[in-house]
Every structure is written in structure tokens, then in C-alpha cells.
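Visitor: I am new to this structure and would like a close look at a single part of it. Please take me through the aromatic pairs and what surrounds them.

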Amino acid sequence: MKHLAVVMVAVALAGVPLMAHDMWIEPMTFSPESGDIVGLKLRMGQDFLGDPLPRDPSLIQQFIVEDGEGRKPVVGRTGADPAGFVRAATPGLLVVGYRSNPSAVDETAEKFNQYLKEEGLDSIAALRASRGQTGGAREIFARCAKSLLLSGPAGAGERDRALGFTRELVAERNPYAMRAGQDLPVRLTYESRPLAGTLVVAMNRTDPSQKLSARSGKDGRVTFKLPRGGVWMIKAVHMIEAPQGTNADWSSYCASLTFELRS
């Protein structure tokens with residue numbers, strides 16, 4: 001609990017709105033040349049409009065990149081935005097991942113119920129209703145964000161891969177080998193197991209109001225037909241009852257995946 005309190009203070013000092021629904025990685029470029037150093041901005045907000053989340057070691061559980069040479073930490077300077085930097089050392093796909101430490105927030109009933117509705121957390125809303133819980137709620141949340149970058153041409157067989165995050169979205173087709181109008185299958189996992197029945201949403205940065213959404217099947221998969229090129233974010237939220245001893249009602253895990261679909 002002492003560590004959780006430190007994280008809460010760090011978030012407040014960073015000036016980041018705690019109830020921003022989405023957290024994502026926004027690279028300075030999704031298509032670096034071989035040898036380029038790419039800045040990685042962390043953003044928190046909604047509908048691709050977000051506030052900067054500067055690098056804060058107390059918030060970071062993992063900040064990593066996987067490429068053809070293996071897994072490496074994402075380096076950066078405390079308090080800086082971009083929060084990290086990676087080098088496109090070799091041609092191919094770079095899988096960047098950020099996993100946060102847990103933070104806590106107290107919600108009014110109105111805001112919490114609206115949050116449940118917007119994120120498709122119908123089972124939690126129904127459980128609260130069955131228990132007669134009409135007041136506010138205390139939530140512990142953690143973020144698991146990923147981003148796919150490509151240096152050079154898309155190689156045969158290259159694709160996203162699981163990083164082992166608590167909650168994770170994995171693209172089962174390389175978006176850089178696709179074109180607009182084609183299907184992108186995505187798998188959602190929780191603790192490395194398929195997560196069924198969760199609302200998964202895809203949005204394009206050019207027009208984030210035109211969202212695509214589907215609930216994951218028994219195998220944790222959804223498929224989106226992406227209608228246009230540009231930068232995309234896929235996201236999902238999973239909520240459970242908070243473990244005993246955490247002084248909270250609910251625990252949520254927010255996952256996101258960003259990439260660019262080339263025109």
C-alpha cells in the first residue's frame with residue numbers, strides 16, 4: 001500500500017487526469033529508417049486527444065522493445081516527454097510495450113457508471129445493481145500499452161508478439177503488410193489466457209468518432225476490417241473485484257495497441 005500511495009502522488013504531480021480512459025504510445029514516427037532513433041510519447045486521454053505522460057520511474061513496471069535482436073529496455077530521462085527512445089537497429093518490426101504500476105482513484109457514482117457504460121463493462125454494472133451499490137467507487141487501475149513500428153519493408157511472416165503483460169492485445173497479422181479494407185485479427189489475453197466477452201474498440205486518429213467495436217470470442221479474438229489508412233489504436237478494458245487488502249472496490253486493466261496502416 002505504501003508503494004501504491006507513492007504512485008498516486010506521482011500521478012497527481014504529473015498533472016495527468018486520472019480518469020482519462022485511454023493510455024497509448026505515440027511514436028514520433030511509425031516508419032523509422034534503419035539506424036534512426038525514435039522518440040516514444042506516452043499519452044493519456046480520450047479519442048486520440050491526450051495529455052503528455054512524462055517519464056516517471058515510479059509509474060513504470062516495464063518499458064521495453066522487442067526487435068530482431070531480442071528484448072531491450074526503452075531508455076529515457078526522468079520527467080522527459082518523449083518518455084523513451086528506441087533505435088531501429090535492424091530492419092523489421094519493433095514491438096514496444098509499456099506496463100504501469102497500479103494507481104488508484106475515487107469516483108463519483110455518476111462518473112463511474114458512465115465509465116462502465118462507455119467501456120462496455122456491463123457485467124460490473126449488473127453486479128453493482130444486484131448488490132444495491134449506487135454510490136461512488138474506488139478503483140485500482142494499471143495500463144498495458146503497445147505500439148508496432150516498422151523499419152524497412154514488411155518481411156514475410158513478421159507479426160506482433162506477446163510481451164507477457166497482465167492484459168494484452170496482440171495483432172495476429174502484420175498491419176504493415178496490409179492495406180485499407182482488409183481484415184486484422186486481434187487476440188486479447190488476461191494473464192496470458194484468452195479473455196472472452198470483452199468490448200474491443202478500434203479508432204483512427206483522423207476520425208476517432210467513427211469507432212469499430214466487437215466483443216471478443218471464446219478464443220479472445222476479434223477481427224476488424226479497417227476501412228482507411230493512417231494511425232490506428234485498438235483498446236480494451238477488463239475489470240474485476242479488487243483483491244482483499246487493497247482498500248479498493250474494483251481493479252481494472254487497460255490495454256492499447258497503436259500502429260500505422262499504410263495507404
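Guide: In this predicted model, W24 and F48 are both buried. Together they make an edge-to-face aromatic pair, 5.6 Å centre to centre and with 80° between the planes. W24 belongs to strand 1 (residues 22-27), while F48 sits in the loop between strand 2 (37-46) and strand 3 (49-52), so the pair ties together parts that are 24 residues apart in sequence.

Another aromatic pair is formed by F112 and Y115; this one is tilted, at 6.4 Å centre to centre with 45° between the planes. Here both residues lie in helix 2, three residues apart, about one turn of the helix. An α-helix has 3.6 residues a turn, so residues three or four places apart point the same way. Because its relative accessibility is 0%, F112 counts as buried. Y115 is buried too, with a relative accessible area of 3%.

Helix 2 itself spans residues 109-118, and its buried residues are F112, Y115 and L116. Viewed down the helix axis, these fall within an arc of 100°, so they line one face of helix 2. They pack against strand 8 (103-107), helix 3 (122-130), strand 9 (137-151), strand 16 (230-241) and strand 17 (250-261). On the face turned away from the buried side are the exposed residues E110, K111 and K117. After helix 2 comes G120, with a positive phi near 70°.

Definitions and conventions. Residues numbered from 1 in each chain as written. Predicted model: local features only at pLDDT ≥ 70, side-chain atom pairs only at ≥ 80, totals over all residues. Heavy atoms only, no water. Buried < 20%, exposed > 50% of the residue type's maximum accessible area, 1.4 Å probe, protein only. Helix = DSSP H or I, 4+ residues; strand = E, 2+ residues; numbered from the N terminus. Arc of directions from axis to C-beta. Contact = heavy atoms within 4.5 Å. Phe/Tyr/Trp six-rings, centres within 6.5 Å; stacked < 30°, edge-to-face > 60°.
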